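Hi everyone, thanks for making time this morning.

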Amino acid sequence: MSIEIQFLGAAQNVTGSRYLLKTAQTRLLVDCGLYQEHRLQERNWQPFDISPESLSAVLISHAHIDHCGLLPKLVKDGFSGSVFATEATAEIARISLADAGKLQEEDAAFKKKRHEHEGRKTRYPEIPLYTAEDAKAVFPLFNIVEYSREIPVSADVTATFHNAGHVFGSASIELRVTENNQHTVIAFSGDLGNWNRPILKNPDLIDQADYIVIESTYGDRTHEDINEASLKLADIINQTIQRGGNIVIPSFALERTQDLLYFLNRFMSESKIPRLKVFVDSPMAISITKIFTKYPELYDRETAGWVKNGSSPFEFEGLYFTNKAADSKAILSEKAPCIIIAGSGMCTGGRIKHHLVNNISRPESTILFVGFQATGTLGRLITDGAKEVRILGQYYPVRAHIQGLRAFSAHADQPTLLRWLRGFKNKPKRVFVTHGEPETSETLIKAITETFRWEATAPEYQEKFNL
């Protein structure tokens with residue numbers, strides 16, 4: 001049997017997830033994500049390693065941009081096959097891809113204007129990688145799949161999507177390749193979530209695979225208990241209010257924003273924090289939050305109970321969704337302390353930059369990070385302790401309180417990753433550890449070999465393996 005896998009992204013780095021699988025009859029991608037690390041963003045512009053026209057299909061694990069954000073470029077360059085995804089993932093991806101295209105158009109125009117004003121030329125022209133209109137060309141290609149149902153992808157490949165518990169609609173993907181009545185199973189974890197977290201059901205386990213591709217974003221640590229972390233969140237909010245500052249939270253529009261609303265709702269109802277204004281200043285997050293109400297079958301028991309009783313964790317007094325740019329700007333004139341949740345989660349673009357400009361030099365304010373910050377992003381620079389940062393072309397001293405709560409991450413920690421691997425009843429031939437910085441992946445590899453005595457490796461960028 002001739003099967004080759006090539007790692008075209010998330011290989012000894014976190015973003016840009018993209019895995020090419022070749023069989024005797026099929027060429028397909030698992031994920032097609034955008035690189036977000038500053039030092040690697042040039043790869044987004046490079047020609048694809050395989051002709052897009054030759055691809056049979058793309059299978060998308062979930063709607064985060066580092067897993068689906070390069071689809072518009074793939075389609076623009078000639079891909080016309082099926083994009084397999086769960087219904088929730090497809091619906092959210094339509095929003096996130098259009099938003100990404102719009103942001104790239106706006107960022108390109110802003111950079112061009114700024115560079116002209118500064119009288120300098122850059123290595124690359126100030127043009128978007130793709131536009132919002134390019135993103136729309138992806139939408140007709142979505143092919144909806146259900147969890148736990150095996151579907152044909154091509155003549156020799158079938159796929160089964162399993163709930164990954166990471167974000168709404170997320171999936172681990174089990175591929176079965178058949179040749180001459182022989183079967184080879186490759187399991188892709190996608191991004192895995194944590195057990196016993198609010199809103200979503202726990203991840204599903206897969207019981208058999210010849211090869212496993214597993215993420216390792218937090219493969220070197222153990223998350224703090226979410227309930228203890230939520231109490232810290234309440235403390236941070238209360239302390240900032242006492243100082244008279246704002247709580248600014250760079251947040252991913254998908255899942256992290258909804259998790260925050262869940263806890264803020266609970267805190268206010270239990271009087272753990274005072275009633276104050278909460279602004280969700282992200283059109284994409286607003287649209288995605290509406291989608292959450294459409295799929296109650298994806299909720300865990302507690303959240304389903306809220307909905308059954310006629311309430312919602314995403315609605316409460318003092319919550320404001322600011323779609324229009326004018327409403328977003330109006331937040332800047334708020335006098336009383338407030339909570340501002342805005343994208344992007346790594347501060348690479350979007351409205352969060354304007355709120356950082358307004359708050360990062362205020363000692364009374366808090367910038368609170370609740371998600372992973374990739375190397376080279378503005379968010380990573382801030383969390384690493386930079387004393388001064390460049391935002392929208394100008395430098396600002398960092399005087400605000402900088403806080404981080406990793407327990408709110410939608411990514412599994414090391415014990416949870418190992419718990420998922422324990423679901424496999426047989427010893428795989430090899431485990432490929434991806435979607436992590438090199439030291440983190442190596443730590444998880446050591447844990448896998450010590451725990452299971454399995455062979456594990458962290459592939460390098462563009463490295464190929466014959467399975």
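This is a predicted model: local features need pLDDT of at least 70, side-chain atom pairs count only at pLDDT 80 or more; totals for chains, interfaces and linings use all residues.

Let's begin with the hairpin. Strand S17, residues 388-391, and strand S18, residues 394-397, run antiparallel and are joined by four bridges. Two residues sit between the strands, and one in the turn, leucine 392, has a positive phi of about 50°.

Now the helices. As you know, a packed pair is described by the angle between the axes and the distance between them. Take helix H3, residues 87-118, with helix H7, residues 283-292: their axes come within 10 Å and cross at roughly 175°. Angles over 145 degrees count as roughly antiparallel, so that is what H3 is to H7. On the H3 side, the contact involves Glu91, Ile92, Ile95, Ser96 and Asp99, and they meet Met284, Ser287, Ile288 and Ile291 of H7. By class, the residues of this contact are five nonpolar, two polar and two charged.

The second pair is helix H12, residues 414-421, and helix H13, residues 438-452, with axes 11 Å apart and an angle of about 45°. That angle makes H12 oblique to H13, and the crossing is right-handed. H12 brings Gln414, Leu417, Leu418 and Leu421, which meet residues of H13 including Leu444, Ala447, Ile448 and Phe452. This contact has seven nonpolar and three polar residues, with no charged ones.

Last, the backbone. Most residues other than glycine have a negative phi, and most peptide bonds are trans. So here are the places I'd like you to look at. The bond from glycine 343 to serine 344 is cis, with omega near 10°, and serine 344 lies in the loop between strand S15 and helix H10. Asparagine 181 has a positive phi of about 65°; you'll find asparagine 181 in the loop between strands S9 and S10. Is asparagine 181 buried or exposed? Exposed, with a relative accessible area of 75%. Glutamine 462 also shows a positive phi, about 70°, in the loop between strands S21 and S22. At 34% relative accessibility, glutamine 462 counts as partly exposed.

Notes
Residues are numbered from 1 along each chain as its sequence is written. Side-chain values use heavy atoms; hydrogens and water are left out. Two strands pair if DSSP finds at least two bridges between them. Axes are lines fitted to C-alpha atoms, for helices over the stretch in contact, and angles run from 0 to 180 degrees between N-to-C directions. Angles under 35 degrees count as roughly parallel, over 145 as roughly antiparallel, 65 to 115 as roughly perpendicular and the rest as oblique. Contact means heavy atoms within 4.5 Å. Ala, Val, Leu, Ile, Met, Phe, Trp, Tyr, Cys and Pro count as nonpolar, Asp, Glu, Lys and Arg as charged, and the others, Gly among them, as polar. A crossing is left-handed if the near helix is turned anticlockwise from the far one by less than a right angle, and right-handed if clockwise. Buried means under 20% relative accessible area, exposed over 50%, partly exposed in between (1.4 Å probe, protein chains only).
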